[in-house]
Amino acid sequence: MKDFVSLTINGQKVKVLKGTTLFEAAKQVNINIPHLCFHEGLSLYGACRICVVEIEGRARLEPSCTTLAEEGMVVRTNTWRVRRARRMIVELLLANHPEDCFTCERNQSCELRELAYDLGVRELRFKKGRKYHYPLDLSSPAVIRDPNKCIQCSRCIRVCLEIQGVGAIDFVNRGGRTQVLTFFNKGLNNVECSNCGQCILACPTGALREKREVDEVWKAISDPKKFTIVQTAPAVRAAIGEEFGLPPGTLVTGKMVSALRRLGFDRVFDTQFSADLTIVEEAHELIERIEGKGILPMITSCSPGWIKYIEHFFPQCLEHLSTCKSPQQMFGALAKTYYAQKIDIPPEDMYVVSIMPCTAKKFEARREEMKASGFRDVDAVLTTREAARMIKEAGIDFVNLEDEDFDEPLGISTGAGVIFGATGGVMEAALRTAYELLTKKELKEIEFKQVRGMQGIKKAEVLINGLKLKVAVAHGLSNARILLEEVKEGRSPYHFIEIMACPGGCLGGGGQPLPTNLKVREARANALYREDRNKGIRKSHQNPALIMLYKEFLGKPLSDKAHHLLHTSYVSRGLGN
Amino acid sequence: MKIVLRNIHKQGYKGDIESYLKEQGYTALKKALTLSPSQIIEEVKKARLLGRGGAGFPCGVKWEFVYREKEFPKYVVCNADEGEPGTFKDRLILENDPHLLIEAMIICGFAIGAEEGFIYLRGEYFKAYQILERALEEARSKGFLGEHILNSNFSFHIRLYRGAGAYICGEETALLDSLEGKKGQSRVKPPFPTFVGFKNKPTVLNNVETFANITQILLNGGEWFAQIGSSHSPGTKLYCLSGDVKKPGVYELPTNISLNQLIEEFGGGVEGELKAVLPGGVSSSLLTPDKLDVIMDYFHLQEVGSMLGSGAVIVINKDRCMVDLAKRCAEFFDYESCGKCVPCREGTKRAREILVNITRGKGELKDLELLKELAEVMFDTSRCGLGQSALNPVRSSIEKFSQEFEEHILKKRCPLGICSLC
Amino acid sequence: MHLIQKEEGGLSEEIALFLAKELNLPPVEVYSVASFYSMFTVKQQKAKYIIRVCVSLPCYLKGSDKILEVLHKELGINSGEVSADKKFFIEEVSCLGACGKAPVMLINETLYDNLTPEKVREIISQLKDENSTEEYSQTGL
């Protein structure tokens, strides 16, 4: 028997389940109450006070995000008192806010700007107010913090602590002097920040943003001496269309390739190629470990946010990580060796750019050990958002472009490579290959639906040749923590674990278009699984370009050359640094 | 009529357990242990004792809510974070008659079903800390605290917890967060601490003075208490007189006393000529001399547009510049705001700024309207009492002394010669 | 934290990390909580005498400004500063709960009330002259 509650909102009768907030109840009468600190998936904060409503019989206005609907309540969401309060609160926030909307990264997606406009704020009466002049945190190569634009909504803090289980930032000081800072203000690069960029997605203003590499890339493209190569992650093609007004989940692979070519890149390749490569190397590594030559469970290593996380929080478990580099880094190493040789271009003249849904990739590209080619394997990393901006800057009419294909050979990929972008994708791709390697038989049922979907931790058992392979998939670092606690204590029942730092997998990464919420993530995931189904070849080891790569260059999986170029090691970091 | 200061006013009273025992000490507890919890709560309800910390919530009703809750463990917390400027009454009790508080907390624990109590003492009360530690030790050694108190089935422990310089921790939910080791920031209310309190368990949180009334209520009966003072807020109140008054200090008086009586008869009269009074500290609205006959209880002060709060009566004479005082009040709240909610954090900051500008001759007439609107929005939308009442002195001084403000703004002159406007 | 403030003069990175590990909290939360309270500092600063002068309304009415003036002059420092010999630190604080005897100030754990400029000068000169073997004093209990 469900308990219902009847109340009146703006004169209309509403019936809701007991325990529903007024904010939710209002949606039933098509009212989206303006809000700021409320954010899907995070704990309630109730501090911006913008979502206030008038409740009959109460002396003050009450925040609708935290007030539960009660029987007989009479609620009004749009009285002059409410409007006056909302406007004044926005005015108060703007009194601190720098007035540089024109040059702000979030010009088109700033929630504060939107609120000010929608709530009818046409006058800033606190003009003579003193504004902040806090220094920017530029320490991290991935995420920049600008405390001057911060409105202390705590969404970044809550995402970092609750969803990611990291807690690298918190409020410091009290009252009007409150700031969001890192431990002893050391800067994001000097604490446990994983660079995942979820804070950027959560931030309503331009207080958090990725470090721009657009200008460096323009410079390289314009430099006649530089041979520019671009690789694109799977998750980008399912999301970049959103920056041009297309609905979430629109697959724009062909247009993306065309646009990048028009930007001036000499070659447009596909990270999905090296994703296939990662699978082949990793599947062989897994089989080796299962045969007793290594520690289990083995854990995927393609998510740099995850890597930094484990280096800080579970350094004692580093041996469990696969030694495989991420597809981005494998690509870079190969581009400047295999491909450079193939087309006879000196690797020092090659400039490799990757377009990623990810901010942590900016950190990954700069890791000391990522120089297997003898040069920095990946020169620049652009987020999906940055790439879209370059396309806009060039005046390219993205939506009306004709589809084009990736260049070969590093643009050829299978369906297994596509699904890397979704949580469970790496696992599924690895299973497809591992199955055929172990059984030497054809895998009929290609889709491993048990590891798909938005559930935080997914578990599955796959029977391969009499072996019950136990696998687990986690996305979002607080889910990773749960699995790692088991590993740390030696009671993990799994053989193979896939971990993605970002909720939803890479498609929900810190570099993706805003907004990125549950519905959007699901739409993007569906797009990727669709592309997988449309691919002729859906198993990594059957990628013809890959087969050629091994034949011409690497020899076989886990060969010495493969180890040198495609495998890596990790750093024990600990807390507080 | 002395209830709370009954012992303290006795010559030579030392506040240690021996002195306390000589003055009916712990007899209320002994009586309580023979009664049922509901009987005890009945007496407190009959007394109609209102919380003396400022909110004025009926104490007996609060205890009953917690008593009825089926969630365990329950807690008793004493708010000894006395921080309202102008308030210095709890210090008096803590330093001079600590057992009065301790005994009451034990009785409360017995009545509501709690086994643990905390005294949240502000960090700056060093002397009170030492005295309380010693008193708790004394109570333990005599078997009034600990396991099987006085051979009953009831066990109760009290721990002393120190604050660290944050006025906001006097707000009950901020206090609870601070007690849990976090920053002292208010929680969303409802739910109230009676249902979701310390560690999210049912908690009675009362002020020192509120507790200090309990033993006499129990010994003499709730009805006895209800006959004293005003009918709306029975009993006595510790009024703290400070500012431009000849005899500042703590005065325990029945609650049906008028402001005039308080200042003239007991306070010795105003130093200089009376200009205004803040009857409830800097969180209350100003009263002008025409309101001197108001009865100093929760109800009547609300009727005239102010509030009793903790009873911190600050007297202001004609030599004071109201703009300057409004500025000082705004500065206080700007400094003490916890910073969580936007209206208070930003509102107190801007209010202070605007007032500083006015005192420097840079004000505009529309600033006054802006401040009034800000005060109303802060009342409407702030998360807790601090933000809701922060601009009361500012708003009321603009309303009642608008001339002074206008002179600062239009003539760039401070009529009292206090603000340097150049 | 009171103990840490007393013994070490404030929070340091090392101490914060130790607390974080012991209490199973993110390190930045320890930093955050300590920074919230006026009586704690997130940098280590010690002085022999911590002088806290109340500047709230009742003390202001009774002349806290003049008390501060005397202190600034006698000690040669402003509020919020430590004297060169690390002996004195002046802090302006909110109501200390002794308004009946305003103006008041706390020096370490002792409350001085009913202050006048002359009284303050007396107290300060006494403290200046004091020859104690203790190099640094505590700010808590």
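Rings of Phe, Tyr and Trp, with the six-membered ring taken for Trp, are said to pair if their centres lie within 6.5 Å; planes under 30 degrees apart count as stacked, over 60 as edge-to-face and the rest as tilted. By that definition, W306(A), Y309(A), F313(A) and F314(A) form one aromatic cluster.

Some notes on the source. This is a predicted model, in which local features need pLDDT of at least 70 and side-chain atom pairs count only at pLDDT 80 or more, while totals for chains, interfaces and linings use all residues. Residues are numbered from 1 along each chain as its sequence is written, chains are lettered from A and ligands numbered from 1 in the order in which they are written, and side-chain values use heavy atoms, with hydrogens and water left out.

Let us continue with the aromatic pairs. Over all chains, the structure holds 29 of them. In one, the ring centres of Y75(B) and F198(B) lie 4.8 Å apart with the planes at 85 degrees, so this pair is edge-to-face. Both Y75(B) and F198(B) are buried, where buried means under 20% relative accessible area, exposed over 50%, and partly exposed in between, with a 1.4 Å probe and protein chains only.

A further pair, Y120(B) and Y161(B), is stacked, with 5.7 Å from centre to centre and 25 degrees between the planes. Y120(B) counts as buried at 0% relative accessibility, whereas Y161(B) is partly exposed at 28%.

Finally, I turn to chain B as a whole. Its C-alpha trace spans about 75 × 45 × 35 Å along the principal axes, and buried residues make up 66% of its 422 residues.
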